[in-house]
Amino acid sequence: MFQLNDIKYKNILSIEKMVIPKGKVVCIVGESGGGKSTLLKLLNNLITPDQGEILFEEQPIMQMDAILYRRRVVMLSQEPIIFPGNVQENLLMGVEFAEKVIPTVSKQQKILSMVHLKKELSAETEQLSGGEKQRLALGRALLMEPEVLLLDEPSSALDHETEGVVIDNIVQYSKDQSTTLIMVTHSLELANRIADEIIEIKKA
């Protein structure tokens with residue numbers, strides 16, 4: 001699905017060749033500051049490599065329409081953006097951006113349950129904790145049903161027990177939807193448990 005050839009980005013990343021297969025759960029691990037988040041941004045075409053080429057489905061991503069591309073390849077950063085308003089409005093923003101059919105209320109509630117967010121759709125976002133906002137943003141990304149989901153430490157604000165439930169649900173949902181899941185995690189234990197493939201990023 002992705003192929004990276006001779007990639008260099010500042011003094012952060014140097015990748016001679018990397019292939020990320022379609023429909024797999026891929027975890028990116030490594031020490032802090034090694035370039036894990038940078039790799040996700042490169043895959044999402046948020047930043048441009050100083051050298052080399054990134055292909056998505058055999059097409060250079062730099063030649064693809066950025067908006068159309070990000071409807072297919074959705075990224076959730078460590079500090080996701082939550083907008084004023086209620087849970088439902090935030091949940092549906094991604095679907096509306098992707099110009100997809102608005103899912104039923106039942107589907108919306110199913111997604112909230114999947115990410116362990118026990119809030120009414122009408123609840124105001126200003127009432128949410130940091131962990132709840134992270135899960136809401138995660139639900140928004142899942143609801144878009146993208147081809148690729150890029151997650152940067154999606155459970156960093158969650159306690160260990162909730163993390164296990166939420167991550168297991170994301171993995172199962174991704175497999176059910178045939179979504180390629182690429183996730184940065186600090187936990188090698190988690191990566192070993194859920195990943196089909198593990199990419200280890202080392203500092204130069």
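Let me start with a term. On a 1 Å grid over the protein atoms alone, a cavity is a set of points where a 1.4 Å probe fits but cannot get out. A pocket is an open set with protein on both sides within 12 Å along at least five of seven lines. Lining residues have an atom within 4 Å of a point. Grid points are joined across faces, edges and corners, and a volume is the space filled by probe spheres set on the points.

Now the model. It is predicted: local features need pLDDT of at least 70, side-chain atom pairs count only at pLDDT 80 or more, and totals for chains, interfaces and linings use all residues. Residues are numbered from 1 along each chain as its sequence is written, and side-chain values use heavy atoms, with hydrogens and water left out.

First, the cavity. Searching the whole structure gives one cavity of 30 Å³ or more. The largest cavity has a volume of about 40 Å³. Its lining includes Leu142, Pro146, Leu149 and Tyr173. Helix α6 gives the largest share, three residues. Helices here are DSSP runs of H or I with at least four residues, strands are E runs of at least two, and both are numbered from the N terminus. By class, the cavity lining has four nonpolar, three polar and one charged residues. Nonpolar means Ala, Val, Leu, Ile, Met, Phe, Trp, Tyr, Cys and Pro; charged means Asp, Glu, Lys and Arg; the others, Gly among them, are polar.

Next, the largest pocket. About 530 Å³ of space lies in it. It is lined by 19 residues, and Val74, Met75, Leu76, Arg140 and Met144 lie nearest its centre. The elements giving two or more residues to this lining are β6, α3 (87–97) and α5. Which of them gives the largest share? Strand β6 does, with four residues. The classes are 13 nonpolar, three polar and three charged.

Stay with β6. Val73 and Met75 point one way from this strand, Val74 and Leu76 the other way, and all are buried. Buried means under 20% relative accessible area, exposed over 50%, partly exposed in between, with a 1.4 Å probe and protein chains only. Four bridges join β6 to β7, and the two run parallel. Leu76 has Leu151 of β7 as its bridge partner.

That brings us to the sheet. Five strands form an open sheet, in the order β6-β7-β8-β3-β9, with parallel pairing. Two strands pair if DSSP finds at least two bridges between them. The edge strands, each pairing on one side only, are β6 (73–76) and β9 (197–201). Neighbouring strands are turned by 15° against each other on average, direction ignored. At the β9 end, five bridges join β3 (residues 25–30) to β9. There, Cys27 stands opposite Ile198.

Last, some loops. Lys10 sits between β1 (2–9) and β2 (13–20). Its phi is positive, about 50°, although it is not a glycine. Is Lys10 buried or exposed? Exposed, at 59% relative accessibility. Glu58 lies in the loop between β4 (51–56) and β5 (59–60). Glu58 also has a positive phi, about 70°, and is not a glycine. Glu58 is exposed, at 74%. Thr125 is in the loop between α4 (105–114) and α5 (130–143). Thr125 is buried, at 5%. Leaving out residues up to four places away in sequence, Thr125 touches Phe83, Asn90 and Leu136, among others. Contact means heavy atoms within 4.5 Å.

Note on methods:
Axes are lines fitted to C-alpha atoms, for helices over the stretch in contact, and angles run from 0 to 180 degrees between N-to-C directions.
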